[in-house]
Amino acid sequence: MTQSFQASRQWERISELWVTEEASVDLTDFKSDRVNYKISLWDPRTNGIRYLKALVYELATRLEPEDWERIQKVPNREVGNPVTVRVDGKSVCMDYLQASLEIGFIEKEVELRGARVMEIGAGYARTCHAMLSNYDLDEYCIVDLKNTMMLSRRYLREVLDDEQFAKVRFVEVGDIGAELESSRFDLCINVHSFTEMTPATVDAYLALIDEKCSAFFVKNPVGKYIDKSMDGYLEGDEAVQMALENGPLRKVLDIHDSEAVEAAVPEFISAYRPADGWTCAADGRGVPWSYFWQALYRKSGSHS
Ligand SMILES: C[S@@+](CC[C@H](N)C(=O)[O-])C[C@H]1O[C@@H](n2cnc3c(N)ncnc32)[C@H](O)[C@@H]1O
């Protein structure tokens, strides 16, 4: 009988290595060190995928039926071997979960049937893929740097059919003047990339948007942060310095303090307004990140 109350071999080992006799001597940091990482939390320094999956899973359980519908309309999402979770038999990764929420926000404000869309800084083109799979667009123009565009071109060639792929136009940043001279767009999209460009470049893009577009969707951070505990400055101090000098919003704040984030929102709305004559039609948190905000602007005289 006594025997059955004893520690398992697993806990004998934990008591020997983590929750040792010495663990109770000094409580200064125990909730953020290996003692608590064996009691309440998984060590966040080595469990990135576990936490990512937990986050995606949690978000996925909160999706509305229409959010899932948009996700499921996107074929070939498994290309590239994403980190996925399954909820009610449906698989999803963070990228397309976000894409669904983003385009769900946009579609409330902009008529996308027959629309011409320009995206600045498309990454591998998850948004383009999700939009072309959900709406009968006329054109999707990606403006990006050469190497990233090689990736998005290759990816879209793989995931889209011929008809959809033919709607995508690829414009390298050096060719913007000549390539876009006579172009007009119903919508411009910028997600998580103006924050990584110099303030002068962002100004130039905002002027381009003012000249060529009727609506603008932006989702970016409201400011910068300095918190070595988050990633141990994995990419080095210089990378941190570079991040701090880019984007129109460079004020440092506590990005996990909702009041600090909300206080930064008016500046966000003003910084990303392309020009006078544009109004913000809708804005909200850029889920899932605590410090991202999203906004949809419309040029006066244009209709949704
Ligand atoms: C962090 S990625 C975000 C990608 C995508 N929007 C997403 O959220 O998945 C930043 C993107 O901005 C692009 N970018 C960086 N500097 C740029 C510039 N000066 N002009 C256009 N695109 C740029 C990068 O090539 C990349 O596609």
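**Note on the domains, helix packing and ligand shell**

1. Nine residues of domain 1 are in contact with eight residues of domain 2. On the domain 1 side of this contact there are seven nonpolar, one polar and one charged residues. The model is a predicted one, and the points below should be read with that in mind.

2. The two domains divide the protein chain as follows: domain 1 covers 10-16 + 25-62, and domain 2 covers 65-299. Their C-alpha centres are 32 Å apart.

3. Next, the helices. Two packed helices are described by the angle between their axes and the distance between the axes. Helix H3 spans residues 65-72, and helix H4 spans residues 94-107. H3 and H4 pack with their axes 9 Å apart, at an angle of about 115 degrees. The crossing of this pair is right-handed.

4. Which residues of H3 meet H4? They are Glu66, Asp67, Arg70 and Ile71, and on the H4 side the partners are Tyr96, Leu97, Ser100, Leu101, Ile103 and Gly104. Sorted by class, the contact of H3 with H4 holds five nonpolar, two polar and three charged residues.

5. H4 also packs against helix H5, which spans residues 126-134; the axes come within 9 Å and cross at roughly 60 degrees. H4 and H5 are therefore oblique to each other. Their crossing is right-handed.

6. From H4, the residues Asp95, Tyr96, Ala99, Ser100, Glu102 and Ile103 meet Arg126, Thr127, Ala130, Met131 and Asn134 of H5. The class count for the contact of H4 with H5 is five nonpolar, three polar and three charged residues. Tyr96, Ser100 and Ile103 of H4 are listed in the contact with H3 and in the contact with H5.

7. On the ligand: there are 16 residues around the ligand, and those that come nearest are Gly121, Gly123, Thr148, Val191 and Ser193. The shell is made up of seven nonpolar, six polar and three charged residues.

8. Two points of backbone geometry can be checked in loops. The peptide bond from Val287 to Pro288 is cis, and its omega is near 10 degrees. Pro288 sits in the loop between strand E8 (278-285) and strand E9 (292-299).

9. The other point is Asn81, where phi is near 55 degrees, a positive value in a residue other than glycine. Asn81 is found in the loop between H3 and strand E1 (84-87).

Technical notes: Residues are numbered from 1 along each chain as its sequence is written. This is a predicted model: local features need pLDDT of at least 70, side-chain atom pairs count only at pLDDT 80 or more; totals for chains, interfaces and linings use all residues. A residue is near a molecule or strand if its C-beta atom, placed from the backbone, lies within 6 Å of it. Ala, Val, Leu, Ile, Met, Phe, Trp, Tyr, Cys and Pro count as nonpolar, Asp, Glu, Lys and Arg as charged, and the others, Gly among them, as polar. Domain bounds come from an automatic or database domain assignment. Two residues are in contact if their C-beta atoms, placed from the backbone, lie within 7 Å. Axes are lines fitted to C-alpha atoms, for helices over the stretch in contact, and angles run from 0 to 180 degrees between N-to-C directions. Helices (H or I, at least four residues) and strands (E, at least two) are DSSP runs, numbered from the N terminus. Angles under 35 degrees count as roughly parallel, over 145 as roughly antiparallel, 65 to 115 as roughly perpendicular and the rest as oblique. A crossing is left-handed if the near helix is turned anticlockwise from the far one by less than a right angle, and right-handed if clockwise.
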